[in-house]
Amino acid sequence: MQPTPVAPPAHRSSWLRVLRWLLPLALLATTFVLAGRELSAFDLRSLQRTLIAIPTLYAAGVAIFALVAVAYTGLIDLAIARWLKFPIATLPLLRLSFVANALANTLNLSGAVGSGVRLLGLKGHGITLRNGAALVGLQILSLPLGLSVLVIGALASGHLPATPNHASRVLALLVLLAAALYLPLYFVLTGRRKLMGWLPEEQGVPPLALRAHLALLSLIDWALAAATLWLCLYLAGAHVSPLELLAAFGAAATLGLVSMIPGGLGVFDGLLLLALSAAGVPVGAAGAGLFLFRVVYYLLPMLLALWLGAGMLAQRMPALTRLRERLAAHPLIELLVVPAGYLANFGIRVLALLTFGAGVLLLISAALPSLHQRFLHAAGFISMPVLEGSHWLSIVIGVLLLGLARGIDGRLRVAYRAVQWLLWLAALLVLLKGLHWGEALFLLAVSLLLRARRQDFSQRAVNMASTVSLGWLLGLLLVVAVFFAVGVADILGQDSFDLLATGAYAHASRLARGLGAALLGLALYLAWHAFAIRRPKLPLPDHAELERVREFYTQHGGGAFAHLSFMADKHLFWGVGQRTLIAYGNVRDRLVALGAPSGEPAAQAQAILDFRRYADSQGCAPVFYEVLEPDLARFHDLGFDLFKLGELALIPLAEFSLIGKRWEDLRQAVNRAAREKLSFRMAVAPFDSALLVALEQVSDAWLADKDAAEKGYSLGRFDPAYLAWGPLALVYREGELIAFANLLPGYGTQGYAGIDLMRHLPDAPRGSMDFLFANVLGWAKEQGHAWFSLGMAPLSNVGTTPYARLNERLAALAFRHGNRFYNYQGVRRYKEKFRPEWVGAYLAYPRGLWVPALLTDIAALVAGGYRRMLLS
């Protein structure tokens, strides 16, 4: 009998969880105490002066070296991938590795960020989850090998981290000894298949040559990181022996890694500061060097990784969606991919912030006298008019960049083009106004980053009235207001102030003129805002395209409202290889599709997504009006919210007959029509001119009697061109036309035959329209149609339960008490006598839009525009 395994005591696991949090905090606190002693006399102004004194070109060179050092880590991934025989090209794999490593350096949480990015990227290249996990696992095991070698060197040379007492020194020594033992343990344990069970079954253990190769790559990787630190310290004036720094770096990096704090922040820096101070390095220079190291080795690679990773992951969004679905039942792996999923759209936001930052930088360099001293130096090389003009124009461009950052955030093509020109011009101006090499390099770097993502700037317009746009505009106004405040404060109190004064020392006058430049920049941006961001004019279909539409509906089928496309007041969106068609109207910043897409059912979900992307590219909200119940699940799954508009009345024609009690009203109307000498006939195009004149007379009389105006979009209107696309039902009294209706053909299995426009003379006999309906239903049944639509009963059966949404409960109040504005209940009662089957019709809209505003826009669309709606 097998013994029952004993579960570990609950209190033991709880203690482990507590220690997992306490040990890093204790190590961080100890480091802060030690570093605090060294920093007690530290002068922040000295740090600022040291950093400013570093030559810009040298700092840029160190930044490039740091990027190369971070990118070198990708060779470990490459070696493992080649051993696992992954079919991935070298450059994409190195790019993925750079993104994962740069983010892991700064944001890592127990390996989650780096591992998650790798898994997502590998999945996008077709690597299975198990094989991807094999690369991630072996990479995690191999990366500390070089650090272990450095620790062995530190122990051998006696360079141990400073500690406050004997106990902490012993604890640090134990940690370093464990790190030193990692190298031999790695070679022993990774050679045993039982311990490497997470590798694919067909894959053997890593050969000795591969493990040695990974150890060498890791050693060079950590040595490059240490070399970056040495260069940063050297530029800051902290001169230290490379071998001495290498040992201290290995010890500090190990304890920082053990602390489990992202990037070892605080622990790594504090321990190195102590080691450098003990070696006689001035605290100010050491602090400046460490700060520069954090910027070039952590911050800059992280920003570049966010930019690269966002583009890389966004290109594989379908793969990410499928991966999330497959990982839904695996909480551990899902936890790994969640942090990386936020990268998909973050890269463009980073570029927008950099563009905004470029504008801020231009204004700061113009406003602060401490940064303006280079103006004096440049005066010896550049003529004064060029200096003054460059200063003034750089302020104008700075304000424009602040505003255009919103366009970059919205992926506006026109904003991208304008920003590129302005950044290059600004880089030239900052050199001409004061030889500001650092500013020029930053502006050119932003331009190059934008250019590398130029394919992402495909938007034609954005909604400049949204809360996001308002936030960017407030940021612009705030920066300009601060610039004004600095300028006014500098000018006030100067009795001899001269606005037109020029010269190397006329900073206040230059700044006063700069206030006018800022106002001009603001005015230019507002003008660009008003005139440059114009949505392209959406074309309406001509007769030839409508012929193509009819052929499409005949071949692929159409929805319940397909025939209304022939009113030629809606734009057409062809999708999924011309296999789907969406007819839509445009009001304000809404693209309102009438019904669900027509065409092949299997392609309709993709058509909805394509239409949504198309609307986004125009800076518009995609809305689907009168979506019927069978299509609701598709819209819900694609992220749309739903609002019930009412119900559509459908008659199953197989049940229609003038015999029986159900159709008694229609039978009586037919009998009454015989006594009234009414007759019925169907007419098909082309219609003769006499009939068109008679139709217009009936229509005009009906409109005058109802005191109504013609509508559009989802309601038919009298238009001979529209009426010619379908048959007409005509009712005569002794040869005089007294009523008519145009019929909607049912296209395919998705469509329904129905009646659209119904008009009659005011003195037409009672029951004339019932007589028309009785004949039309019989005609539709003879034509082989399965269903006949009586049209919508607006707000019918909406918000009838106390659990309905607030908007729908308000709609229910309108249905019950709004008959003075529209005969909601009368429409429902009239259609109810046909005993139809009621199908709910809904509004599908992106989450977050306000439904009353949407309904108002659609009402204006039906009325023919806001002017007609308000004036009629």
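Which helix does Leu-189 lie in? I looked this up before anything else, keeping in mind that the model is predicted. Leu-189 lies in helix H9, which covers residues 166–189.

Leu-189 belongs to a nonpolar patch on the surface, together with Leu-181, Leu-185 and Val-188. I noted about 350 Å² of accessible area for these residues together.

**Entry on Leu-93.** I went to helix H5, residues 90–107, where Leu-93 is placed. Is Leu-93 buried or exposed? Its relative accessibility is 3%, and because buried means under 20%, Leu-93 counts as buried. I listed its contacts, leaving out residues up to four places away in sequence: Asp-77, Leu-78, Ala-81, Ile-88 and Leu-122. I also looked up the pair Leu-93 and His-125, which are 32 residues apart in sequence. From C-alpha to C-alpha, I have 9.3 Å between Leu-93 and His-125.

**Entry on H26.** Helix H26 runs over residues 664–675, and I checked its length. Its 12 residues, at 1.5 Å a residue, should span 16 Å. The end C-alpha atoms are 17 Å apart, which agrees. Which residues of H26 are buried? I found Leu-666, Ala-669, Arg-672 and Ala-673. Looking down the axis of H26, I see the buried residues within an arc of 120 degrees, so they line one face of the helix. Strand E7 (678–683) and helix H29 (768–782) are among the elements that cover them. On the face turned away from the buried side I noted the exposed residues Ala-674 and Arg-675.

Lys-677 sits in the loop between H26 and E7. Its phi is near 60 degrees, a positive value in a residue other than glycine. I recorded a relative accessible area of 54% for Lys-677, which means that it is exposed.

Where is Pro-686 placed? I found Pro-686 in the loop between E7 and helix H27 (689–706). The peptide bond leading from Ala-685 to Pro-686 is cis, and I have its omega near 0 degrees.

**Entry on Glu-734.** I looked for Glu-734 and found it in the loop between strand E8 (728–733) and strand E9 (736–744). Glu-734 is not a glycine, yet it has a positive phi of about 50 degrees. With a relative accessible area of 62%, Glu-734 goes down as exposed.

Definitions and conventions. Residues are numbered from 1 along each chain as its sequence is written. This is a predicted model: local features need pLDDT of at least 70, side-chain atom pairs count only at pLDDT 80 or more; totals for chains, interfaces and linings use all residues. Side-chain values use heavy atoms; hydrogens and water are left out. Patches are made of residues with over 30% relative accessible area and no salt bridge: like charges are joined within 9 Å, nonpolar side chains (Val, Leu, Ile, Met, Phe, Trp, Tyr) within 5 Å. Accessible areas come from the Shrake-Rupley method with a 1.4 Å probe; for residues, only the protein chains shown count as cover. A salt bridge is a side-chain nitrogen of Lys or Arg within 4 Å of a carboxyl oxygen of Asp or Glu. Helices (H or I, at least four residues) and strands (E, at least two) are DSSP runs, numbered from the N terminus. The expected span of a helix is 1.5 Å times one less than its number of residues. Buried means under 20% relative accessible area, exposed over 50%, partly exposed in between (1.4 Å probe, protein chains only). The arc is that of the directions from the helix axis to the C-beta atoms. Contact means heavy atoms within 4.5 Å.
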